[in-house]
Amino acid sequence: MYDVAIVGGGPVGCFAGKLLAERGLDVAVIEEHAEIGHPMCCAGVVGVGGLRELGIRPGKWVLNELRGARLYPPSGSPVSLSRGRVEALVIDRAAFDRELAASAARSGARFLMRSRCVDISVGEQVKIKVETEGRLREIASRLVIGADGPNSLVARKVGLLRSRQLINCAQAEAIADIHAETAEVYLGRKYAPGFFAWVVPAGELCRVGVGTVEGSALGKLKKLLREHPVVSEKVDGDKLLHLTAGAIPRPLTRGMYADGVMLIGDAAGQVKPLTGGGIYIGLSCAKLAADVAVEALEEGDVSAKVLRKYEGAVRGKFGGEFELGMRAWRLFLELSDEDLSSLLRALETPDVRATLLEQADFDHHAKVISALAKRGPSLLRSLGLRRLVRYTSHMLKK
Ligand SMILES: Cc1cc2nc3c(=O)[nH]c(=O)nc-3n(C[C@H](O)[C@H](O)[C@H](O)COP(=O)(O)OP(=O)(O)OC[C@H]3O[C@@H](n4cnc5c(N)ncnc54)[C@H](O)[C@@H]3O)c2cc1C
């Protein structure tokens, strides 16, 4: 009988395991794979401010420092954005996850590897059915934390999944001729409808990937590498290493607690709506979850009535980010390629550019979205009044 069983040994589950174990709780981390950090599908870009806030010191897992981004519109020339300082790090995600797991284990958390959670039932205690090498067994716990990623079984089993909306992704590592301190973002319906494609420097290689709301992500990645006029020139698409597929959840599509259950990380949709980045937000929410879990276990009451405090804390810290980011994403979904190109060109005008560089924060997008929305009329004027009204109404939709 554990105090807390965490389903999922990704970064967020491992971090929660460490926080709970170091507070004296008996913690099990249940991971279906044989090795922490594998398989992995992630561009591995994390903001330096977010890591600082979390108290995580950059380690050997840092591959690159990023000082800027270059945005490629569907047509026309790219827009470069940089303040000259290091904004983010590109990390070796497997090594990063392993460091978090080692730290959890040092704090006393137990790791049950090759153990897939196949069912959960919540009564006086939580019963977690786990399959290990074809054998089923049951683990009892006072509380279960679902940290089992975007397709969370825990969320589905306890009825916390309200919508299955996901961004499907494919990513490869490859040899590329790109600037070592600049992330490249490619926009347009042809290659990445509803999201974007990226080329990120990662040590000796680059990570090239695609996120899409339509069709096969792998098919779109192959097309990007073969046909995109810039990517096909820069990235050697014939020598792809480490080809992976993954998914990014949408915020506000899942509840975060139920009787005896909490969700954290991707399982709870805790990602930045516009970029899908979930490492900083997931780890930050794991801290909020750990505080509420410790309190609930000390009081001996893990009912939804007590655990709701956790979702309140998440919404207090990131609710604005989720709401505003999702509105901006819905507006983005509606934009035609032509309008997207016009808007990116508008980012080049000196006052808009100054606002962007002043307000941009790698981990918190609400501030810059609000600042740009205030400039909305001048930004969207280039699109014409009819389209302005149409897009604004999408932005206002719940
Ligand atoms: C293509 C792509 C690029 C990304 N790039 C970035 C980026 O640059 N920066 C950023 O911040 N974020 C990025 N993300 C998002 C980031 O990867 C996630 O937010 C992060 O991994 C979430 O961590 P997690 O621990 O919540 O979930 P996960 O990392 O998904 O870990 C979940 C774990 O649970 C295990 N599991 C699942 N089901 C079960 C089960 N039934 N039983 C036992 N174990 C189970 C899995 O094996 C896995 O180890 C990207 C995502 C994708 C798909």
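The model is predicted, so local features need pLDDT of at least 70 and side-chain atom pairs count only at pLDDT 80 or more, while totals for chains, interfaces and linings use all residues. Residues are numbered from 1 along each chain as its sequence is written, and side-chain values use heavy atoms, with hydrogens and water left out.

**The ligand and its surroundings**

- The ligand is surrounded by 34 residues, and the closest are Glu31, His33, Val45, Cys117 and Asp266. A residue is near a molecule or strand if one of its heavy atoms lies within 4 Å of it.
- Sorted by class, this shell holds 16 nonpolar, 12 polar and six charged residues. Here Ala, Val, Leu, Ile, Met, Phe, Trp, Tyr, Cys and Pro count as nonpolar, Asp, Glu, Lys and Arg as charged, and the others, Gly among them, as polar.
- A polar side-chain atom of His33 is 2.9 Å from a ligand oxygen atom. On the backbone side, a polar atom of Glu32 is 3.2 Å from a nitrogen atom of the ligand, and one of Pro11 is 3.4 Å from an oxygen atom of the ligand.
- On its own, the ligand has 1000 Å² of accessible area, and the protein covers 88% of that. Such areas come from the Shrake-Rupley method with a 1.4 Å probe; for residues, only the protein chains shown count as cover.
- The elements giving two or more residues to the shell are α1 (11-21), β9 (115-122) and β16 (241-249). Helices (H or I, at least four residues) and strands (E, at least two) are DSSP runs, numbered from the N terminus.

- α1 is largely enclosed by the rest of the structure, because 11 of its 11 residues are buried. Buried means under 20% relative accessible area, exposed means over 50%, and partly exposed is in between (1.4 Å probe, protein chains only).
- The buried residues of α1 include Pro11, Cys14, Phe15 and Lys18.
- α7 (residues 279-299) has 21 residues and should span 30 Å at 1.5 Å a residue; its end C-alpha atoms are 30 Å apart, so the two agree. The expected span is 1.5 Å times one less than the number of residues.
- Most of α7 is covered, with 16 of its 21 residues buried. Just after α7 comes Gly300, with a positive phi of about 75°.

- His38 and Pro39 are joined by a cis peptide bond, with omega about -5°. Pro39 is in the loop between β2 (27-30) and β3 (45-47).
- Arg114 isn't a glycine, yet its phi is positive, near 50°. You'll find Arg114 in the loop between β8 (110-112) and β9, partly exposed at 46% relative accessible area.
- Leu252 is another non-glycine residue with a positive phi, about 65°. Its loop runs between β16 and β17 (257-258), and Leu252 is partly exposed at 27% relative accessibility.

**Sequence distance and space**

- Leu187 is in the loop between β13 (182-186) and β14 (197-202), and it's buried at 14% relative accessibility. Leu187 and Leu71 are 116 residues apart along the chain, with C-alpha atoms separated by 7.5 Å.
- Glu65 belongs to strand β4 (residues 62-66) and is partly exposed at 39%. Glu65 and Val86 are 21 residues apart in sequence and 6.2 Å apart in space, C-alpha to C-alpha.
- Val185, in strand β13, is buried at 18% relative accessible area. Val185 and Ile91 are 94 residues apart in sequence, and 18 Å apart in space from C-alpha to C-alpha.
- Asp238, in the loop between α6 (231-234) and β16, is exposed at 74% relative accessible area. From C-alpha to C-alpha, Asp238 and Pro11 are 32 Å apart in space, and they are 227 residues apart in sequence.

Methods:
A polar contact is a pair of N or O atoms within 3.5 Å; within protein, one must be able to donate a hydrogen and the other to accept it, and residues adjacent in sequence count only if both atoms are side-chain atoms.
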